[in-house]
Amino acid sequence: MTDPLLDVRGLTTSFETGQGRLTAVDDITFQIEEGEVFGVVGESGSGKSVTALSVMRLLDDAGTVEADEVRFKGTDLLSVSESEMRSIRGGEISMIFQDPMTSLNPVMTIGEQIAEVVRHHGDVGERTGFWSEMRRKYVTGTSEGSRSWQRAVELLETVGIPEPEKRATEYPHQLSGGMRQRVVIAQALAGDPSLIIADEPTTALDVSIEAQILNEILELSEEFGISVLLITHDLGVVRETCDRVAVMYASEFMETGHVNDIFEDPHHPYTEGLLASIPRIADEREWLSVIEGTVPDLIDKPSGCPFRDRCDYAFELCDRPLVEYEIEGSALETHTVRCHRENEHVEVDDSGHVESVPDEAVAALERRIEAESARDADGGVSPTADASARADGGSRPSPAADAENGGDHGEY
Ligand SMILES: Nc1ncnc2c1ncn2[C@@H]1O[C@H](COP(=O)(O)OP(=O)(O)OP(=O)(O)O)[C@@H](O)[C@H]1O
Ligand code: NI
């Protein structure tokens, strides 16, 4: 098996706030393979955007990011210099946000904006120094005719913008919202990325335009083998676009797996709740009310399952720390869920309610929790730590190794 393109293990991000420490992302682990579309779905405030911003190192000083590993093409993103990180951003990894105007400069033509990314990240052999930029801006006036400009026009055509040569000379306000988002996609492509992180890329658009933009992203992913991390609150979008998905709730990944497994054989009650509300998903506020209760406070977040107060299946183990259970017999890919009903000693009836919790279940869970905290003390490295300490990924076993050790299905 080849290494994943992006390998994130034990990512935890918190913010110091006036009210206390807010855990926005809590010990999440995921991998994105080459060419794969990986979704992160969850309601507002679950930590989706902070996940992306943590990986890209785009959080302000108030945020603390810790992880066992954030590795992109083998490079440890948490330890590279800020200047290396800047060249990765917009180059190897580019981002698309909800509002295209946040990525576009209103006083620059769209052709020039894309050409600029091409010069900085793409390989068209044009000089990118300060004086070259100045000459282009103030002496020749425009870079039309240059190789980077031609490439910009080409990219506008690639993302389906009609009359790309004419459009390239226009300013963002002259385009519709959908066209602007296409421009942002062209800009994202300009750096020749291996990974595009799209954070709710269609939320600000009309439903009719939404499908077109998603299709565009998918087609490009397929055509150029680009991986996509797609952040959305919409399970319908996930079903249409993603290969695998993580269901995020209150800063944690509750369930992760191939879309077919998640949709056909969901194991987490929160996932089930989301799926049950899909037909009404068109209006986001409506599906929020489908599952009764509210999201727990992320400040001084208690341990245990964050969904337990809203869960119909809650039982006595739910206030214990969560561990990851691997679902056996998943059709396609690894399918993991953090719900103690999966503890193999816990007896569950046909309706999914817990019937009995024998002593072995408790003992097995305790062993597992102890093993995980020993591993965290061992392998957990803060971002300020010496990079060499992490160079080999620490001594933390991979999830696969955990499973082999019986950690997931074994004797608990
Ligand atoms: N800079 C910050 N300082 C303090 N708290 C923050 C900061 N950024 C995000 N948060 C908090 O982190 C939590 C997760 O936020 P995040 O933006 O990741 O949610 P989200 O899942 O992207 O939601 P949405 O769907 O609304 O975009 C929220 O409680 C949010 O208030
Ligand atoms: Ni967000």
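**Helix packing around α7**

So, α7 and α8 run roughly parallel to each other, where roughly parallel means an angle under 35 degrees. Before I go on: this is a predicted model, where local features need pLDDT of at least 70, side-chain atom pairs count only at pLDDT 80 or more, and totals for chains, interfaces and linings use all residues. Residues are numbered from 1 along each chain as its sequence is written, while chains are lettered from A and ligands numbered from 1 in the order in which they are written.

Okay, the overview. The protein has 14 helices and 15 strands; those are DSSP runs, H or I of at least four residues for helices and E of at least two for strands, numbered from the N terminus. Of its 412 residues, 43% are buried, meaning 20 or more other C-beta atoms, placed from the backbone, lie within 10 Å of the residue's own.

Back to our pair. The axes of α7 and α8 (residues 207-224) cross at roughly 15 degrees and come within 10 Å. Those axes are lines fitted to C-alpha atoms over the stretch in contact, and angles run from 0 to 180 degrees between N-to-C directions. α7 passes α8 in a right-handed crossing, so the near helix is turned clockwise from the far one by less than a right angle. Who touches whom? On α7 we've got Gly177, Gly178, Gln181, Arg182, Ile185 and Leu189, and on α8 Ile209, Gln212, Ile213, Glu216, Ile217 and Leu220. Contact here means C-beta atoms, placed from the backbone, within 7 Å. By class, that's 6 nonpolar, 4 polar and 2 charged. Ala, Val, Leu, Ile, Met, Phe, Trp, Tyr, Cys and Pro count as nonpolar, Asp, Glu, Lys and Arg as charged, and the others, Gly among them, as polar.

Now, how does α5 sit against α7? Helix α5 (residues 147-158) and α7 (residues 177-190) pack at about 125 degrees, axes 9 Å apart. That makes α5 oblique to α7, oblique being what's left after roughly parallel, roughly antiparallel (over 145 degrees) and roughly perpendicular (65 to 115). This crossing is right-handed too. Leu155, Leu156 and Thr158 of α5 meet Ala186, Leu189 and Ala190 of α7, giving 5 nonpolar, 1 polar and no charged residues.

Last stop, Val55, in helix α1 (residues 48-55). Is Val55 buried or exposed? Val55 counts as buried because 24 C-beta neighbours lie inside 10 Å. Leaving aside neighbours within four places in sequence, Val55 contacts Val8, Val70 and Leu77.

Methods. Contact = placed C-beta atoms within 7 Å. Buried ≥ 20, exposed ≤ 12 C-beta atoms within 10 Å, placed from the backbone.
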